[in-house]
2 protein chains.
Amino acid sequence: MSAADAAGPGLGPALTSARRDPTFEVEAIDEHGDRTRVSIAGEHPLTLYVDKRELVTLMTLGQAPEALALGFLRNQRLVEGIDQIAAVHVDWEVDAVAVTTRAGGADYSARTATRTVTTGCGQGSVFGGLMEEIEAIRLPQDARLSRRGLHALLDAVRRRETVYKQAGAVHGCALARCRDDGSEASAEVLYYVEDVGRHNAVDAIAGHMWLDRVDGADKVFYTTGRLTSEMVIKCAQMGVPFLVSRSGLTEMGYRIARQVGLTMIGRAANSRFLLFTGEARFDR
Amino acid sequence: MSAADAAGPGLGPALTSARRDPTFEVEAIDEHGDRTRVSIAGEHPLTLYVDKRELVTLMTLGQAPEALALGFLRNQRLVEGIDQIAAVHVDWEVDAVAVTTRAGGADYSARTATRTVTTGCGQGSVFGGLMEEIEAIRLPQDARLSRRGLHALLDAVRRRETVYKQAGAVHGCALARCRDDGSEASAEVLYYVEDVGRHNAVDAIAGHMWLDRVDGADKVFYTTGRLTSEMVIKCAQMGVPFLVSRSGLTEMGYRIARQVGLTMIGRAANSRFLLFTGEARFDR
């Protein structure tokens, strides 16, 4: 499902659909001294302008630049709702994305004055006040994820054709709906975004969710990246009660997950996983 | 070699030596439903003040906070030389590092106005103008690295006791001197820093090099992380002509490496590697 498909005219912002080629071929010399062709991942600067003011330059694979720009504004709490956005225009000729708000004249310079440079594998800045915000977050208690639903998700992700398999050097994130009716379990991947920075991939999914007005309360967020503080904060901000990663976690990621009541599962691959927090939502 | 050892009184800045415990133990439930104890990596906010002005908050493992603060200022080109630094004081009671300049009254607000949020696995911000700077960089042409010297380095890194082996979720960086006299090759790892963000690990090594007045021209930089644009830029800025990674690379990392004349080797582990750029310095 692409953002452009779901948001019809008059319902959502006007959008470009300016995806880049994900991989490039270069020549390398291997350990035997032989020349070989290798696929590598793209990386492009994308400068975000909001109402013609320059805000930030993101380095991205460029698979979902419109959603990335929107998700960045959402996750940084710079724009409150998708209804405030009139247009998102990506122009790779000048490596820029121009976001226009309906009110116009947005100026975030005061809100971006205090910076937190985080452990993100990729875009990694949290603007001031983000840490305070998590105090207010409470995730829905009634959502459920079963062990079989988790396995279905890991299987769906594993079978996917990805830029990572072709070129490495990128992280993938997914938003999924996992079901288990007692006799059969399934996982539907609603979005899958890869980017050179894992935080870009998260932000792009947040942007897709905004555009398609998808609620996170009954969904599962999957990432190939590590569960650091910022990853946990973003998942909680998006209202998703389940966070699953192939990788490990940090102590601050663990602490914040407990604080906000997130069900967090790490080192999840094939049939293995470790459930770290929020076990009440998990059906073993 | 620690920074505190090498920089005696009167020669370098006054330094604390405030390392944090690298790992924490938490309880998790595994795929069999069994409770198990798991080591996870620390992650701590560290707010950097320069002459009492707040500059940035870094999320760090806390293994070399003084060197990290200095390397951040160095790699962001906010301070020109280590001689300008009078003191670096880390206080984990308040999660802060206070840097005092000899001149006093440093104010970087103008220079930090334009932000680049990069693909760093970890701290990932490049302040304005960084991209322009690479135009001026030319790395020494006479440095050599042999295939056997590279293998000695990979072997030394592999045998190291690391936080990664114990807890995962961190990246490691090393600065090394590789030698090959024709009959025997060796690699001396001068610094090895791990951090939750790979860019923190790079910056900490830049800080150590400053403190110990170590020149990069005959050294090899090793990272477990991906070779994105910012990683290549930082290596070039530190004047190190060889960049070796266990991971892959991006197209922009590749392009910048060619532009600055860096010898860049990716996917290097055990006896395998791919030489991507700067083959003239490499003895096969």
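Helix α8 (residues 251-260) of chain B lies across β2 (23-30) and β3 of chain A together with β15 (263-269) and β16 (272-277) of chain B, and runs at about 60° to β16(B). Helices (H or I, at least four residues) and strands (E, at least two) are DSSP runs, numbered from the N terminus. Axes are lines fitted to C-alpha atoms, for helices over the stretch in contact, and angles run from 0 to 180 degrees between N-to-C directions. Two residues are in contact if their C-beta atoms, placed from the backbone, lie within 7 Å.

This is a predicted model, in which local features need pLDDT of at least 70 and side-chain atom pairs count only at pLDDT 80 or more, while totals for chains, interfaces and linings use all residues. Residues are numbered from 1 along each chain as its sequence is written, and chains are lettered from A and ligands numbered from 1 in the order in which they are written.

Strands of a sheet pair through backbone hydrogen bonds, either parallel or antiparallel. Here, two strands pair if DSSP finds at least two bridges between them. The open sheet has eight strands in the order β3(A)-β2(A)-β16(B)-β15(B)-β14(B)-β13(B)-β11(B)-β12(B), and its pairing is mixed.

Inside it, four bridges connect the parallel strands β13 (residues 220-223) and β14 (residues 242-245) of chain A, and V220(A) has F242(A) as its bridge partner in β14(A).

Two packed helices are described by the angle between their axes and the distance between the axes. Helices α7 (residues 229-237) and α8 (residues 251-260) of chain A pack at an angle of about 25°, with their axes 7 Å apart. α7(A) and α8(A) are therefore roughly parallel to each other, a term that covers angles under 35 degrees. The contact includes V232(A) and I233(A) of α7(A) and I256(A) and A257(A) of α8(A).

Strand β1 (residues 14-15) of chain A runs parallel to β6(A), and two bridges join them; the partner of L15(A) in β6(A) is V88(A). With β7 (residues 96-101) of chain A, β6(A) pairs in the antiparallel sense over six bridges. β6(A) and β7(A) form a hairpin with four residues between them, and D95(A) in the turn has a positive phi of about 50°.

Finally, the domain assignment of chain A gives domain 1 (3-106 + 113-130) and domain 2 (145-283); such bounds come from an automatic or database domain assignment. The C-alpha centres of these two domains lie 21 Å apart.

Definitions and conventions
Angles under 35 degrees count as roughly parallel, over 145 as roughly antiparallel, 65 to 115 as roughly perpendicular and the rest as oblique.
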